[in-house]
Amino acid sequence: MKIYQPRAELRPYVRYYWTLKSDEPFSVLTFPIGCPQIIFHKKEPLYIPELGESQSQFTISGQVNFPAHIQSAGRLEMIVAVFYPHTVGMFIDTPPSAFHNLEICGYDVGNRRLDETAHRIFDKKSHRECIDILENFLLSKIRLSLNIMRIAESIGVMLRSPDTTINTLAKSGCLGIRQYERVFRDMVGMNPKEYAGVVRFQKALWLMQNGESNCAGIAAECGYSDQSHFIRNFRKFSGYTPVSFSKNCAPYSDLFTNPA
């Protein structure tokens, strides 16, 4: 795997890009990371048994609230753009709420310029050239809005304190609660309460990744009401209890880790 950082103008909207080539079959359990992705498969797409289907050659991956395996039979070459939780809709002209818990074909969005960009990417061999083509498209789509700034501010608050109340988050975005919930769902793809659960889970992974093993301490740090609440939430998003997870998986938080 290779990581690429976005251009300076795109860094408020795109977290990073990654590419992977592999001829070896594999099956990997993945978890909700809290960030939508756009995926280009230059060879064979990944299969997701929980959904009973393969990804499309050109896939938009939405917010999810369940663990899932990704499987490759080999012949894998993929280029992936990872966005901040609230920004992908600006680039594809489609609210992420339309593909909650879904992997959709990018061509089904009906964005002609995005389709043309995908075709150009599939025509290039160099991953750097492919990312340059994608970035030129993304740069042309930047339209900073008040709602993007509002939701960015409230997500920042949520990442710092996942137990922040919806009322406080709405105030941080200068919106009423109902309006805030609607705007958040349209831009992020989940309602604020559901997304806060993903944030807590990812923060727990980050603490475990950095050596924390005490469930009570993790529960308190992540804003869970008690240890039982933490264990239930962790099992929902990973399929494991925290203790069994540590024995079977290497904890890694995508949301709280800078891959650079």
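Mentor: This is a predicted model, and by the pairing rule it holds 15 aromatic pairs. One of these joins Phe-201 and Phe-237, whose ring centres are 5.5 Å apart. Their planes meet at 40 degrees, so the pair counts as tilted. Phe-201 belongs to helix α7 (residues 192–209) and Phe-237 to helix α9 (residues 227–238), so this pair ties together parts that are 36 residues apart in sequence. Phe-201 and Phe-237 are both buried.

Compare that with Tyr-240 and Phe-245, an aromatic pair that is edge-to-face. Here the distance is 6.0 Å from centre to centre, with 80 degrees between the planes. As you can see, a pair of aromatic rings is described by the distance of the centres and the angle of the planes. The two partners also have their own accessibilities. Tyr-240 has 24% relative accessibility, so it counts as partly exposed. Phe-245 has 1%, so it counts as buried; the cut-off for buried is under 20%.

These two pairs belong to a wider group. Phe-31, Phe-201, Tyr-224, Phe-230, Phe-234, Phe-237, Tyr-240 and Phe-245 form one aromatic cluster. One member of the cluster, Tyr-224, also has a charged neighbour: Arg-200 lies over the face of the Tyr-224 ring, 5.9 Å from its centre.

Leaving aside residues up to four places away in sequence, Ala-118 touches Phe-40, Phe-58 and Tyr-107. Another position to look at from here is Phe-137: Ala-118 and Phe-137 are 19 residues apart in sequence, and their C-alpha atoms are 10.0 Å apart in space.

Phe-137 leads on to helix α3, where it is one of the buried residues. Together the buried residues of α3 pack against strands β1 (2–4), β2 (14–22), β4 (37–41) and β9 (76–83), and against helices α1 (88–92) and α2.

Ser-72 is placed in strand β8 (residues 68–72), and with 7% relative accessibility it counts as buried. Ser-72 and Ser-22 are 50 residues apart along the chain, yet their C-alpha atoms are separated by 8.9 Å. Among residues beyond four places away in sequence, Ser-72 touches Pro-25, Phe-26 and Leu-46.

Most residues other than glycine have a negative phi. Asn-101 has a positive phi near 60 degrees and is not a glycine. Asn-101 is in the loop between α1 and β10 (103–105), and its 18% relative accessibility makes it count as buried. Cys-174 also has a positive phi, of about 60 degrees, and is not a glycine either. Cys-174 is in the loop between α5 (166–172) and α6 (177–188). With a relative accessible area of 62%, Cys-174 is exposed.

Now step back to the chain as a whole. The chain has 10 helices and 10 strands. Its radius of gyration is 18 Å, close to the 18 Å that the globule rule gives for 260 residues, so the chain is as compact as a globular protein of that length. Taken along the principal axes, its C-alpha atoms fill a box of roughly 50 × 45 × 30 Å. Of the 260 residues, 50% count as buried. The accessible surface comes to about 12,000 Å², and 49% of that belongs to carbon and sulfur atoms. Finally, among contacts with a separation of 6 or more, 69% are between residues 24 or more positions apart. The pair you began with, Phe-201 and Phe-237, joins parts that are 36 residues apart.

Key: Residues numbered from 1 in each chain as written. Predicted model: local features only at pLDDT ≥ 70, side-chain atom pairs only at ≥ 80, totals over all residues. Heavy atoms only, no water. Phe/Tyr/Trp six-rings, centres within 6.5 Å; stacked < 30°, edge-to-face > 60°. Helix = DSSP H or I, 4+ residues; strand = E, 2+ residues; numbered from the N terminus. Buried < 20%, exposed > 50% of the residue type's maximum accessible area, 1.4 Å probe, protein only. Lys NZ or Arg CZ within 6 Å of the ring centre and 35° of its normal. Contact = heavy atoms within 4.5 Å. Rg over C-alpha atoms; globule rule 2.2 N^0.38 Å. Areas by Shrake-Rupley, 256 points an atom, 1.4 Å probe, with all protein chains shown as cover.
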